[in-house]
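Biologist: I have the sequence and the model open. Can you walk me through it, starting with a single residue?

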Amino acid sequence: PLGSQENPDVAHNAVDDNFLVVWQDSRENEWDIYGQIVLTTGIPLHDNFVIRNEAHSLVEPAVAHSTISNTFMVVWADEDEGDIEAQRVTAAGALTGAALNVEAITSTQPAIAYNPAANQYLVVYAREVSPLFNDIYGRLVGADNAFVGAAFAISDEAHNQANPAIAYDATSGEYLVVWYGGRDFAGAGGTLAGQRVAATGP
């Protein structure tokens with residue numbers, strides 16, 4: 001395709017044994033979110049498709065798959081409006097349900113993980129506190145496209161925190177969220193930090 005394709009992410013569909021690859025794409029002269037179903041042989045299942053196309057700059061997509069619902073959840077940041085948005089995608093690559101506004105306060109760098117026991121996702125992101133500082137926040141979203149409670153702070157220390165990543169442990173029934181933090185231990189500069197989060201959130 002024309003334009004630039006950047007910031008890819010991928011999730012495996014264990015039900016159908018294929019993948020959904022997502023990325024930000026500038027073929028329409030602004031950043032939109034695109035997807036492609038890919039077989040385990042590496043062959044695309046069909047043409048790539050638009051997940052979200054707005055007159056805004058949509059960036060930093062992330063994706064996870066629900067084995068119970070056999071649907072994907074794609075999240076991204078809207079640089080113009082400053083929010084975190086999400087869209088369900090079927091196993092066949094069709095959009096289903098309305099797009100969600102996960103976080104309306106200026107936020108970036110979303111990541112997502114899936115909890116099969118509850119058939120829910122935890123979306124994490126860096127939420128702006130000031131022009132120089134972010135906190136790490138999260139919000140639970142059901143695979144049915146319904147929010148499970150409000151957004152909550154995972155780390156709101158008095159320094160900049162950014163670039164969260166997340167995974168779910170089905171054995172312990174909890175998430176691990178990690179991020180880059182601005183804490184300075186003995187002049188060592190920035191550090192990595194982490195927080196365990198219960199499957200039910202805070």
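Modeller: Asn18 is found in strand S2; strands here are DSSP runs of E with at least two residues, numbered from the N terminus. This is a predicted model, where local features need pLDDT of at least 70 and side-chain atom pairs count only at pLDDT 80 or more, while totals for chains, interfaces and linings use all residues. Residues are numbered from 1 along each chain as its sequence is written, and side-chain values use heavy atoms, with hydrogens and water left out.

Biologist: Is Asn18 buried or exposed?

Modeller: Asn18 counts as buried because its relative accessibility is 5%. Buried means under 20% relative accessible area, exposed means over 50%, and partly exposed is in between, with a 1.4 Å probe and protein chains only.

Biologist: What is Asn18 in contact with?

Modeller: Leaving aside neighbours within four places in sequence, Asn18 is in contact with Ala11, His12, Asn13, Ile37, Val38, Leu39 and Thr40. Contact means heavy atoms within 4.5 Å.

Biologist: How many bridges join S1 to S2?

Modeller: Seven bridges join strand S1 (residues 5-13) to strand S2 (residues 18-25), and the two run antiparallel. Two strands pair if DSSP finds at least two bridges between them. Glu6 stands opposite Gln24 in S2. The hairpin of S1 and S2 has four residues between the strands, and Asp17 there takes a positive phi near 55°.

Biologist: Switching topic. How many salt bridges does the structure hold?

Modeller: Four. A salt bridge is a side-chain nitrogen of Lys or Arg within 4 Å of a carboxyl oxygen of Asp or Glu. One of them is between the side chains of Arg27 and Asp25, at 2.8 Å from N to O. Arg27 counts as partly exposed because its relative accessibility is 22%, whereas Asp25, at 0%, counts as buried.

Biologist: And what does Glu54 meet?

Modeller: The side chain of Glu54 meets that of Arg52 in a salt bridge of 2.6 Å, N to O. Glu54 counts as buried at 14% relative accessibility, and Arg52 counts as partly exposed at 29%.

Biologist: Which salt bridge links distant parts of the chain?

Modeller: Glu174 forms a salt bridge with Arg196, with the closest N and O atoms 2.8 Å apart. Glu174 is in strand S14 (residues 174-181) and Arg196 is in strand S15 (residues 191-198), 22 residues apart. Arg196 counts as exposed because its relative accessibility is 58%.

Biologist: Back to strands. What is the order in the open sheet?

Modeller: The open sheet of four strands has the order S5-S6-S7-S8, with antiparallel pairing. Strand S5 (58-66) and strand S8 (95-103) stand at the edges with a single partner strand each, so one side of each is left without a neighbour in the sheet. The twist averages 20° from one strand to the next; axes are lines fitted to C-alpha atoms, for helices over the stretch in contact, and angles run from 0 to 180 degrees between N-to-C directions.

Biologist: How do S5 and S6 pair?

Modeller: S5 and strand S6 (residues 71-78) pair in the antiparallel sense over seven bridges. Val63 stands opposite Val74 in S6.

Biologist: What about S10, is it mostly covered or mostly open?

Modeller: S10 is mostly covered, as eight of its 11 residues are buried. Seven bridges join strand S9 (residues 107-115) to S10, running antiparallel, and Ser107 stands opposite Arg127 in S10. On the other pairing, 10 bridges join S10 to strand S11 (residues 133-142), also antiparallel. S10 and S11 form a hairpin with two residues between them.

Biologist: Which residues form a nonpolar patch on the surface?

Modeller: Val129, Leu132 and Phe133, with about 310 Å² of accessible area together. Patches are made of residues with over 30% relative accessible area and no salt bridge; like charges are joined within 9 Å, and nonpolar side chains (Val, Leu, Ile, Met, Phe, Trp, Tyr) within 5 Å. Accessible areas come from the Shrake-Rupley method with a 1.4 Å probe, and for residues only the protein chains shown count as cover. Val129 is in strand S10 (residues 120-130) and counts as exposed because its relative accessibility is 54%.
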